[in-house]
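Thank you all for coming; I would like to walk you through one structure this morning, a piece at a time. Please have the sequence and the model open as I speak.

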Amino acid sequence: MVAAPGENMRVNGDRLWDTLMEMAKIGPGIAGGNNRQTLTDEDGEGRRLFQRWCEASGLTMGVDTMGNMFFTRPGTDPDALPVYVGSHLDTQPTGGKFDGVLGVLAGLEVIRSMNDLGIRTKSPVVVTNWTNEEGARFAPAMLASGVFAGIHDEAWAKERTDAKGKKFGEELKRIGWEGTEPVGSRKMKAFLEYHIEQGPILEAEGKDIGVVTHGQGLWWLQVTLTGKEAHTGSTPMPMRKNASLAMGRILELVNTIAMDNQPSAVGGVGHIEVSPGSRNVLPGKVVFTVDFRSPNQATLDAMKARFEAEAPKIVEPMGVGIAIEPVGHFDPVTFSPELTATIRNAAERLGYSHRDIISGAGHDACWMNKVAPTAMIFCPCVDGLSHNEAEDISKEWAAAGADVLLHAVVETAGVAE
């Protein structure tokens, strides 16, 4: 049985906050957030700053062929598998200062605090920055961690293109961050990821810590409705084949399906393209994406099946054609019960309020869960805002989660005698 760390072991919250604010100066947004999209010049600059900080803390860098960055603090047992901790430094085009970045820089703060306190661990500890978690520039999200976990083929991943036709592999080389280490070759004892909640629950309930027990699975379904373009003024109502009206009725179906599968299930439509997009022309084509999510596999698949069965029945009487294509999917994730217990116990030991919570978003930890025991810690965020330049957290929230992360890392890695 590994002894639990003492409750007086905490990070330097001021230093963590200063590090977050310093990184936020790279790739500033236009409204107080950040635009540091993956494999841009700004991403390269952020990586170099992170490298300098890590090496100044005595860590050794490794970079794999997908650009994933690994900084290692040696353990005392040469045969022990490392404990990995981290997240991502890339942001949305109009992203905040904390999404992903908090997990990476809190990992660095864990190392700095261990150095300050003279703590040696049996297992090595590795701080990680995963490439292209956001998927904003190169789809899909969690791309490089997906290659690491064997979900995606590396050659396929490097052929992904952005809106300007630039390829992932070429941009990775251009900014100088294509490493030589074979992707996926590293073995892990465990992986821990600290992240902002990206939702309103923790703040609303006044909880300091979210203990993430599950990650929602999802189905993305692209729906194409084909009606008939016609003049809005001169086409009689009964003679229309109105693709936008058909979409409106389907949107209600999406909401009904999600509500009928409470609790935890969600559904919505966030991306819509209407053609030709003229004020006085009934659209002949509408394309939109339905997003269903649930932590329960049977529920998730049942929502998809119900939508595929009922949506065609809605549009058929309207004379509108429909095609439904799955364009994204991953199964629900159950994180390590042992690691979640470690996190829960650390929060208790430190005197922080906490609750179990389900992640509504995808994270690199969801892929790492396939290769090693994995768990996540959530930090509250103001109004639940994320993927938004107004995203905000407090210094105290950031430090509380980092304290819990420090305890979880040290306990999992084992204190050297």
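Before I quote any percentages, let me say that by helices I mean DSSP runs of H or I with at least four residues, and by strands DSSP runs of E with at least two, both numbered from the N terminus. Please also keep in mind that what you see is a predicted model.

I will begin with the stretch that carries an annotation. In an unreviewed entry, UniProt lists residues 216-313 as "domain: Peptidase M20 dimerisation". In the model this span is 35% helix and 35% strand, and its end C-alpha atoms lie 28 Å apart.

Let us turn to the sheet. Four strands, in the order β9-β11-β7-β12, form an open sheet, and they pair in antiparallel fashion. The edge positions are taken by β9, residues 266-275, and β12, residues 321-330, and because each of these has a single partner strand, one side of each is left without a neighbour in the sheet. On average, and ignoring direction, neighbouring strands here are turned by 15° against each other.

How far apart are the axes of α8 and α9, and at what angle do the two helices pack? The axes are 10 Å apart and the angle is about 150°, with α9 covering residues 297-315. Since angles over 145 degrees count as roughly antiparallel, that is the description that applies to α8 and α9. The crossing of α8 past α9 is right-handed. On the α8 side the contact includes Ile250, Leu253, Val254 and Ile257, and on the α9 side it includes Met303, Phe307, Ala311 and Ile314, while Arg249 of α8 and Arg306 and Glu310 of α9 also take part. Sorted by class, this contact has eleven nonpolar, one polar and three charged residues.

A few details of the backbone deserve a careful look. The peptide bond joining Gln262 and Pro263 is cis, with omega at about 5°, and Pro263 is found in the loop between α8 and β9. There is also a cis peptide bond between Ser275 and Pro276, with omega at about 10°, and Pro276 is in the loop between β9 and β10, the latter being residues 281-282. Elsewhere, Asn132 has a positive phi of about 55° although it is not a glycine; you will find Asn132 in the loop between β4, residues 125-129, and α4, residues 143-148.

I will finish with another helix pair. Helix α1, residues 13-23, and helix α12, residues 395-413, cross at roughly 110°, and their axes come within 9 Å, so α1 and α12 are roughly perpendicular to each other. Here, too, α1 passes α12 in a right-handed crossing. Gly13, Asp14, Leu16 and Trp17 of α1 meet Lys395, Ala398, Ala399 and Ala402 of α12, and by class that contact has five nonpolar, one polar and two charged residues.

Methods: Residues numbered from 1 in each chain as written. Predicted model: local features only at pLDDT ≥ 70, side-chain atom pairs only at ≥ 80, totals over all residues. Heavy atoms only, no water. Pairing = 2+ DSSP bridges. Axes fitted to C-alpha atoms, helices over the stretch in contact; angles between N-to-C directions. UniProt positions renumbered as here; feature names shortened; annotations may be inferred. Parallel < 35°, antiparallel > 145°, perpendicular 65-115°, else oblique. Left-handed = near helix turned anticlockwise from the far one by under 90°. Contact = heavy atoms within 4.5 Å. Nonpolar A, V, L, I, M, F, W, Y, C, P; charged D, E, K, R; others polar.
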